[in-house]
Structure formats: structure tokens, C-alpha cells
Amino acid sequence: MFRFKLTLEYEGTTFVGWQRQDGLASVQGMLEESFLDFLGEPTTVWGSGRTDAGVHATGQVAHVEISKNYTPFAIQGAINKRLRNVPISVLAVEEVAPDFHARFSATSRSYEYKILNQRPAPALDRNRLWWVIRPLSVDAMGEAASYLIGHHDFSSFRGSQCQASSPVKTLDELIVERNGKLILIKARAQSFLHHQVRNIVGTLKKVGDGTWSSKKVKEILEAQDRRCAGPTAPACGLYLTEIRF
């Protein structure tokens, strides 16, 4: 058997998420159908992380194990040909060691959240960012974000359907930047709780628009209660951008 690492990008609007679901369009399902058509035999595509419905990726990583020793170039071309009518693209393929695993070998995952902060509605990217009319203070959001960096119990930012064994995570990086009308929130950790990034973004937005002070976020974190934090930001603004190994 031969194992290959895939680097992927996809536009998540039309998918129920990464994970395969019977009768529904998923990223994993589309990839596995493409490999089945290419190889003539079923195989599992293992992803580094499960993105939710509507979430996008510019640097998702997966691996697949196949019985035939095709070149990476041949695999990339064959799969992209079969995906040409769906918003998924294989950016790179490389052969890896038999013990490489897209999920368990990963040392960190990075996400980026995009907020368009302007009064006019977006015409082209409405499914690829969160449109917020009320002016946001990036300085206040950045100060609030600093309280969340490090090793904490993130129960206040944990989704109700989270299956993680513990709410304790280490957030290595949380940066808030402005680029014109676009606000970018970048987060990096070894792993995240379900909806953790989107719940953090929803909370930072309330700081940015003046509803809460920056120090309020420290109190929310210490409360360890999801009801204390802000709303879950829309899925359309979230991107999985990088997996490190």
C-alpha cells in the first residue's frame, strides 16, 4: 500500500461539512467518490480536521492509502479532473511514510475568520465572510483576544455538541488585524473545541462594537459558562488555513 498526503482548498457553502454523510454533499464524500472512480476500488480519505457546514479551507490536509503506486502528479490530475464541477481543488500531492496521519500527526491547526466591516452589503463574497455594519474597534478586539491566549478551560466558548473529552485547550495565537474594510481574526492551536473559533469571534465582535469592554472577555473565560459568551459567528467567515506537522 502507498500513502499520499493531499493539500486541499474548498468553498464550503454547498457542503454539509467535511465529514461524509449518507445522501448529502460533503467534502470527504466528494473526494472518496472521485478516488473510487479513479481507482476502481473504495478508499478512505482522512482529514486533519472536520470543518462544519459552510466553512471554507485554503490549507486543509488529508491522506489516502491506495494499492497502486501512481505518481503524485497523476493523482492530482486525476482527482482534480473528477472535481472540476465542484468547488474543491487538490493543491498538492506528495507520497509520505506509512505512519503519517493527517489528523494524528498534526502539531497545530490555523484558522482565519473574515469580517467585512462596512455599510454596503457585499455583492461577490456574501458567502465568504461575515458582513458587520456597525463600526468595530480592532484595538479593543485585539486587547480582548490577548486574555484568551494560553492554556485555559474554554467551556465558555465550547459548542453544545462538542465531543472533546476536556474543555481545556492551549491557544497559541489569536491575532486581530484590519486591512481596509476587512477585519481578520487568526487563531492557531494544536486542536480546537467544536465552534470554539466562531464563539470567540462572536464574543470579540461584541467588544469591537462597544457592547462589552475588553476586560469582560477575561471574566467570560473565567466563568466557564457558554451562556456568558457572545453568539456563534456565521460559518461563512471561517477558513481552515494551515496544518503543521
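Which residue lies over the face of Trp212, at 5.0 Å from the ring centre? Lys206 does. The views below come from a predicted model.

**View 1. Two lysines lie over the face of Trp212.** Lys206 is placed 5.0 Å from the centre of the Trp212 ring. Lys216 also lies over the face of Trp212. For Lys216, the distance to the ring centre is 5.8 Å. Both distances meet the criterion for a charge over a ring, because the limit is 6 Å from the ring centre and 35 degrees from the ring normal.

**View 2. Strand β3 is mostly covered.** The strand spans residues 56–66. Of its 11 residues, 9 are buried. Strands β1, β2 and β10 each pair with β3. As a general point, side chains in a regular strand alternate between the two faces of the sheet.

**View 3. Strand β1 runs antiparallel to β3.** Strand β1 covers residues 2–10. The pairing extends over 8 bridges.

View 4. Val45 has its bridge partner in β3 at Val64.

**View 5. Strands β3 and β10 run parallel.** Strand β10 takes in residues 238–244. The two strands are joined by 2 bridges. Ala57 stands opposite Leu240 of β10.

**View 6. Tyr111 and Phe192 form an aromatic pair, one of 6 in the structure.** Their ring centres are 5.3 Å apart. The planes meet at 90°, so the pair is edge-to-face. Tyr111 belongs to strand β5, residues 108–117. Phe192 sits in the loop between β9 (182–189) and α4 (196–208). Tyr111 and Phe192 are both buried.

**View 7. Tyr113 and Trp130 form an edge-to-face pair.** The ring centres lie 6.2 Å apart, and the planes stand at 85°. The angle is over 60 degrees, so the pair counts as edge-to-face. Tyr113 lies in strand β5, while Trp130 lies in strand β6, residues 130–132. The pair therefore ties together parts 17 residues apart in sequence. Are these two residues buried or exposed? Tyr113 is buried, because its relative accessible area of 0% is under 20%. Trp130 has a relative accessible area of 16%, which is also under 20%, so Trp130 is buried.

Notes: Residues are numbered from 1 along each chain as its sequence is written. This is a predicted model: local features need pLDDT of at least 70, side-chain atom pairs count only at pLDDT 80 or more; totals for chains, interfaces and linings use all residues. Side-chain values use heavy atoms; hydrogens and water are left out. Buried means under 20% relative accessible area, exposed over 50%, partly exposed in between (1.4 Å probe, protein chains only). Helices (H or I, at least four residues) and strands (E, at least two) are DSSP runs, numbered from the N terminus. Two strands pair if DSSP finds at least two bridges between them. Rings of Phe, Tyr and Trp (its six-membered ring) pair if their centres lie within 6.5 Å; planes under 30 degrees apart count as stacked, over 60 as edge-to-face and the rest as tilted.
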